[in-house]
Amino acid sequence: MTDLKYTIKDFKSENEVRWCPGCGDYAIMNAVQRTMAGMGIPREKFAVISGIGCSSRFPYYMSTFGFHTIHGRAAAVASGVKAANPDLSVWVITGDGDAMAIGGNHFIHLIRRNMDLNLVLFNNRIYGLTKGQYSPTSDRGVKTKTSPFGTVEDPFVPGQLVIGARGTFFARSIDSNIKLSQEVFDGAAKHKGTSVVEVLQNCVIFNNGIHNAITDPNHRADRQLILEHGKPMLFGEENEKGIIFDKGKLKVAKVGENGVTRDDVLVHDANEPDPTIHMALINMQLPDFPVAFGVIRSVSAPVYDVEMEAQIKTVQQTRKIKNVDELLSSGNTWEVTTENGLTGKDCSKFEFK
Amino acid sequence: MKDAKVIELDEVAIRFSGDSGDGMQLTGTLFSDATALLGNDISTFPDYPSEIRAPQGTVGGVSGFQVQFGQKQINTPGDYAHVLIAMNPAAVKANAKFMKPGGTIIYDSDAFNEKNLNKANFKTDDPFGECNLDDYFKIPVPISSLTKEGLKDFGLDNKSVLRSKNMFALGLVCWMFNRPLDYIEEFIKNKFAKKPVVVESNVKVLHDGYNYGMNMQHMTPSYLVNPANIEKGTYRNINGNHATAWGLLAAAEKSGLELFLGSYPITPATDILSALSERKDLGVKTFQAEDEIAGITSAIGASFAGDLAVTTTSGPGLALKSEAIGLAVMAELPLVIVNVQRGGPSTGLPTKTEQSDLMQALYGRNGESPVVVLAASTPSDCFWYAFKAAKIALERMVPVLLLTDGFLGNGSEPWRIPKMSELPSITPRVAKDAGSFQAYKRDSENLAREWAFPGMAGFEHRIGGLEKNETGTVSHDPDNHQKNTEIREEKVQRVVDMVPDLETCGDDEGDVLVVAWGGTYGHMISTVRELRKEGKNVSLAHFNYIKPLPKNTADVFSKFKKIIVCELNLGQFASYLRDKMPQFEYHQNNKVKGLPFTVNELKQSVYKLLED
């Protein structure tokens, strides 16, 4: 395993990539491919499963096993793949429309079961492939082709659904930050259980610049909090600002002001089972807070595919029936020994051809 | 003392009927099993309401279980019952129409009080008169009070005492039909092994019922039904849903694959999911999905990953799976879809049987989306058709839809247990040569593609719902789409070489050919046999292969003057035949009552055709 020396090229397929020039998807794929190349897992053990949408064309561009399925159902298809063969590294590629709208049910149940796979959620807060309708992550009031007067509905916050479904791993990244994405994907791959990575992704055609307030290089240091497990939650050009806990809530404070010291700044504990702080981090938004990135939550819990295999092994050790012949003749059976009997039910005798 | 009246019969049908809390399904099942063990051929039909507990004592809450058994071949649970066991007045009202003229009604006289008569909406205190059952042999038995009396020393509360009154009825019926009690006692001992009081009380009541019959010989007729002559072998009782589950297990073992079931509970298909969930010992992976769509899509994922993948459902569930079936068609993955049909549309009659999903199975998807469609015809042959469905799916890389129905799924019959060595082999089309592998390269004979799954080094490829060319690359080329659409249809048509010729039961030519498919087989064969006994020139062609149809179908049809298609819908198979074989005229007999055909009504329709 360890002597596998893949490069990113080993994960590129011969298919022409047909995303729009400048699409954030390119960078995300680049980070996924780099991550896979470094995982030390044979290429044939990767299965990349997607639903429908721009992002879901992803498997075609990978030289692994890939399955481009139907709208919203990638999580369910991938669950079947992983349950059938827990030995595989299974990746689900989905978008905010695919996972949060039509696939919402499968998304939460995948997380609830804690199937050991990695789900990458491309969030551009718009429907791209159907050309610019609002999505379940679009802000209230946003004007699109299907909401010319502004939407009258609130968006989902993906991380909230993950926590609500008792998720064990949630991370956030940005398409343009390949290094961060790669770190986060690597963490997701190593996590045992369902890993959800939300990547803020830019749609150059229908929602260009939707994440600009967060990604703007001039303000990046003040608007992004890159979390690292065990490290204080500091941000700003000089790391002069930090997240503190005050009266039951998170708060931004300047170190050295109002008696706040470096020790008051929260230290990130991604492994804390209590989701309270993780939820608060997920909820942080501009302008009062920086947006949290990196691995926000990573806790251990029983994994569906592992438990399923273990249960089968246990039952096989304790039960008597080992094959179908034994099953068919188990329980209440009786012998008929008459010689001059009928030959089965006429015309209903099963014939094989 | 008068001699006991003994009635000797070739076949007899008994209907157990009571409130849905009275344990009638268990009573009926135990009696059937004990009877089958004695060597009679049997056929059973549970008929229960969709409410878990409808208001007690009302007609809507009546739960029934009919069993027919005999010393000859039994193909149906019987049109009409010789004997009705009625635990309350509502049971009489609900079942009067299912009684054979001159039959026997045993009823719990304690339950025939004013309150219960009112609940069943009887206007007078003469329920039998109101139901035109005056000529029947009626045996009032104070079942409730005898049960109480028998258990007075057990220290049980009133509710627990009354719960075992079904055992009294069962004991009585066992005496009437000369069935030994040992099998039933054994069952009670195993089922309540941890509750000795329950075992003792139930066994006591069972014997009380039996002894009551023996002591009351002067008023209770007893029946003699000799064992049937059936083929040598080891037998068991099996219902259709268990047979389906076991057929799939057999196919997994024969093909050397693991079995994966992705399913969502729905009546009457749920028992297949339950039966396979029990079989962790055989390595089955059952995935109770969040909905029907996840049921089938998880199965499609498992198929992509190299398992024998199955999804099971019933009518409305199949509707939800439509889009995903299209994906399996496009991805050309092996998949078995079992639809245990029930009354529809929408929620319809969820606990009743029907054959009205045929068009949905054949055509209910967007685009040209052909799948192989099979239909099982008896509870036990669900085993064979489930096995065959898996064989076709794995050898031809095509989704196969197996239609059974509520009548087959819940009904049971004795089944001669096969040996796995008697079953044909299954050879999945697993790709072998990475150098020449292309996702959509086809076998020249049967047009199937090869199956390569994650974990197979050198076979990395991408599939999906978009149209592809032969190499597996997405293609929007119009000519390519036309070509592939035709290939997908032709691939299903070529499965005909795995389909046995259609055989007629009866002569190969004649006046009337009765045509039917799927779960109506038992009623059809009984009908045709009776008509032939009457000298009528009638034969049966019963279909298990719907798409593709057996290749000699037109030949068979051409030798009869008239054809009548009988099915439990408004004529879906008849329409399909008119489309595929328009050269024949098809008469129809259709029933959509949530109930199986009766032999009598089928005979009437053929008489009419013979007269016209």
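Start with polar contacts between the chains: select chain B and chain A, and 26 residue pairs are in polar contact, both at pLDDT 80 or more. A polar contact is a pair of N or O atoms within 3.5 Å; within protein, one must be able to donate a hydrogen and the other to accept it, and residues adjacent in sequence count only if both atoms are side-chain atoms. Now colour helix 12 of chain B, residues 292–304. Its eight residues are the largest share of the side of chain B that touches chain A. Helices (H or I, at least four residues) and strands (E, at least two) are DSSP runs, numbered from the N terminus. By class, this side of chain B has 50 nonpolar, 18 polar and 26 charged residues. Here Ala, Val, Leu, Ile, Met, Phe, Trp, Tyr, Cys and Pro count as nonpolar, Asp, Glu, Lys and Arg as charged, and the others, Gly among them, as polar.

This is a predicted model: local features need pLDDT of at least 70, side-chain atom pairs count only at pLDDT 80 or more, and totals for chains, interfaces and linings use all residues. Residues are numbered from 1 along each chain as its sequence is written, chains are lettered from A and ligands numbered from 1 in the order in which they are written, and side-chain values use heavy atoms, with hydrogens and water left out.

**Across the chains**

Show the whole interface. Chain B puts 94 residues in contact with 75 residues of chain A; contact means heavy atoms within 4.5 Å. The two chains bury about 7100 Å² between them, with 61% of it on carbon and sulfur atoms. Buried area is the accessible area (1.4 Å probe) that two parts lose on being put together, summed over both.

Next, the charges. Five salt bridges link chain B and chain A. The rule asks for a side-chain nitrogen of Lys or Arg within 4 Å of a carboxyl oxygen of Asp or Glu. Zoom to B:Glu278 and A:Arg319: they form a salt bridge, with the closest N and O atoms 3.5 Å apart.

Then pick strand 2 (residues 65–68) of chain A and strand 17 (residues 462–464) of chain B. They pair in the parallel sense over three bridges; pairing requires at least two DSSP bridges between the strands. Centre on A:Gly66, whose bridge partner in strand 17 is B:Arg462.

**Inside chain B**

Colour domain 1 (6–224), domain 2 (236–422) and domain 3 (504–611) of chain B. Domain bounds come from an automatic or database domain assignment. The centres of domains 1 and 3 of chain B, taken over C-alpha atoms, are 36 Å apart. Their contact takes 10 residues from domain 1 and 12 residues from domain 3. The area buried between them is about 770 Å², 54% of it from carbon and sulfur atoms. Select B:Asn75, B:Thr76 and B:Asp79: in domain 1 these lose the most area to domain 3, together 56% of what that side buries. The count here is zero salt bridges.

**Inside chain A**

Finish with domain 1 (8–229 + 269–305) and domain 2 (232–267) of chain A. They bury about 1000 Å² between them, 73% of it on carbon and sulfur atoms. On the domain 1 side, A:Ala221, A:Asp222 and A:Ile277 lose the most area to domain 2, together 37% of what that side buries. One salt bridge crosses this interface. Select A:Lys241 with A:Asp222: they form a salt bridge, the closest N and O atoms being 3.0 Å apart.
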